[in-house]
Amino acid sequence: MPWVKQEDCTGCGLCVEECPVGAICLQDEKAHIDMDSCIRCGHCHDICPQEAVRHDSERIPLEVEENLAYTARLMKHFETDEGKGEFLERMRRHFNKEKVVAEKTIEKIQILKGQYVQ
Ligand code: SF4
Ligand code: SF4
């Protein structure tokens, strides 16, 4: 999924004009993508004169950091080492579940794709 690196966006509006499904709007002179509407065509990435529209994979380190920060924030509710350890095991299972959901979704999409692409 594309995302806009806000500090690089000059608010020129080109991507807003050219997005085929109207998924981009300007807020405070910065482009914002409505991910529920975006069809992942990549056109905004290709045309942005500032290279402000970035590929999703670039966000992986940031999202890992966000997950760790989220985990650290919740862990503050636990005072003992045992409590923290049990909580971390639950978070490990939580993120593992997310991984399994993603893997199974990818499998199904791959099968679906086979109906359209040989
Ligand atoms: S084309 Fe690039 S610089 Fe222009 S509004 Fe879109 S993201 Fe911002
Ligand atoms: S990837 Fe395509 S559909 Fe999504 S916001 Fe960019 S131009 Fe619009």
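What share of the contacts in the protein between residues at least 6 apart in sequence join residues at least 24 apart? The share is 56%, where a contact means C-beta atoms, placed from the backbone, within 7 Å.

## About the model

This is a predicted model, in which local features need pLDDT of at least 70, side-chain atom pairs count only at pLDDT 80 or more, and totals for chains, interfaces and linings use all residues. Residues are numbered from 1 along each chain as its sequence is written, while chains are lettered from A and ligands numbered from 1 in the order in which they are written.

## Overall layout

The protein has four helices and four strands, in the order β-α-β-β-α-β-α-α from the N terminus. These are DSSP runs: helices are H or I with at least four residues, strands E with at least two. The C-alpha trace spans about 55 × 45 × 20 Å along its principal axes.

An automatic or database assignment gives domain 1 (3–54) and domain 2 (59–114). Their centres, taken over C-alpha atoms, lie 29 Å apart.

## Around the ligands

Ligand 1 is surrounded by 13 residues, the closest being Cys9, Cys12, Cys15, Ala31 and Cys48. Ligand 2 has 14 around it, with Cys19, Cys38, Cys41, His43 and Cys44 nearest. Here a residue counts as near if its C-beta atom, placed from the backbone, lies within 6 Å of the molecule.

Conventions. Two residues are in contact if their C-beta atoms, placed from the backbone, lie within 7 Å.
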